[in-house]
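The structure is shown first.

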Amino acid sequence: MHRLGGVGLAAFDRQRESQRSFAELSSELSKTQIDHLHNQLTQFRSALTHFASNHRDSIRKDPTFRHAFQQMCSSIGVDPLAGPRQGGWWAEMLGLGDWQHELGVQIVDVCVSTRERNGGVIELSELVRTVSKLRGVSESGVITEEDVIRSIKTLKPLGAGYEVIDVENGKKMVRNVVKELDEDQAVVLAEAQAENGRIVEETLVIRRGWTHERARTALDNMLLRDGLCWLDTQDELHGKAYWIPSAMRWDE
């Protein structure tokens with residue numbers, strides 16, 4: 001019994017020693033892998049810094065180049081337009097963090113100045129045109145819808161309701177007030193865009209199969225509750241029509 005017990009203790013000691021050896025080897029391998037990864041990240045950072053230094057002006061002023069650059073960064077999990085707290089050295093190197101926030105300020109300026117007219121909902125393409133005029137294309141380069149959408153995301157912490165909304169036929173609207181658009185209102189916006197901003201109950205009844213009560217309720221809510229449209233009580237065809245400024249085509 002004593003000899004068998006001794007063999008058992010020796011085997012246990014050998015197993016414990018093997019486990020310790022494996023643990024040390026694993027720790028050494030992990031350290032080597034971490035050091036290797038650190039070296040790779042250092043080289044990667046150096047390459048990005050060199051790229052940013054050589055192409056900074058193109059990224060800021062050429063929308064096609066900027067889009068390709070953003071796609072490249074997205075594929076590797078880097079946000080080049082994040083603010084200093086989120087982007088750190090990357091935002092500082094490109095100078096695009098401040099650029100994006102400056103664009104956000106101008107977006108707010110346009111949205112606030114047009115809110116009385118459109119009730120806080122503006123078509124994305126109109127917002128892009130207006131902001132581009134405000135910036136001056138020759139000075140700052142072309143502003144794209146993608147630029148505006150990314151900048152609107154930076155406005156979310158303001159809690160002012162800034163959000164890009166998809167309506168039908170690929171159209172996008174920008175809401176800049178703290179209120180939600182329901183599904184019926186999104187349908188009304190889509191139909192109004194097809195009619196250059198004008199909408200009547202009959203359009204919703206014929207094209208969407210709505211009842212007159214549903215169409216009237218949706219339009220009245222947009223008029224009285226949300227202030228998103230104007231009422232024309234002298235419409236030549238129907239006697240009453242609603243005009244939605246955010247769906248109207250304004251002179252550029």
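Helices and strands here are DSSP runs, of at least four residues for helices and at least two for strands, numbered from the N terminus. The model is predicted. Just after helix H11, glycine 227 has a positive phi of about 65 degrees.

**Helix H11**
- H11 spans residues 212-225, 14 residues in total, and its first and last C-alpha atoms are 19 Å apart, close to the expected 20 Å.
- Ala215, Ala218, Leu219, Met222 and Leu223 are the buried residues of H11; they lie on the same side of the helix because they cover an arc of only 130 degrees around the axis.
- In general, residues three or four places apart in an α-helix point the same way, since there are 3.6 residues a turn.
- Glu213 and Leu224 are exposed on the other side of H11.
- The cover over the buried residues of H11 includes helices H9 (183-194) and H10 (201-208), together with strands S4 (198-199), S5 (230-235) and S6 (239-243).

**Sheet S1-S3-S2**
- Three strands, in the order S1-S3-S2, make up an open sheet with antiparallel pairing.
- S1 (121-123) and S2 (162-166) are the edge strands, each pairing on one side only.
- Neighbouring strands of this sheet are turned by 30 degrees against each other on average, direction ignored.
- Five bridges join S2 to S3 (residues 172-176) in the antiparallel sense, and glutamate 163 has arginine 175 in S3 as its bridge partner.
- Helix H8 (residues 145-154) lies across S2 and S3 and runs at about 135 degrees to S2.

**Cysteines**
- With a cut-off of 2.5 Å between cysteine sulfur atoms, the disulfide count is zero.
- Cysteine 111 counts as buried because its relative accessibility is 0%, and cysteine 229 counts as buried at 5%.

Methods
Residues numbered from 1 in each chain as written. Predicted model: local features only at pLDDT ≥ 70, side-chain atom pairs only at ≥ 80, totals over all residues. Heavy atoms only, no water. Buried < 20%, exposed > 50% of the residue type's maximum accessible area, 1.4 Å probe, protein only. Expected span 1.5 Å × (residues − 1). Arc of directions from axis to C-beta. Contact = heavy atoms within 4.5 Å. Pairing = 2+ DSSP bridges. Axes fitted to C-alpha atoms, helices over the stretch in contact; angles between N-to-C directions.
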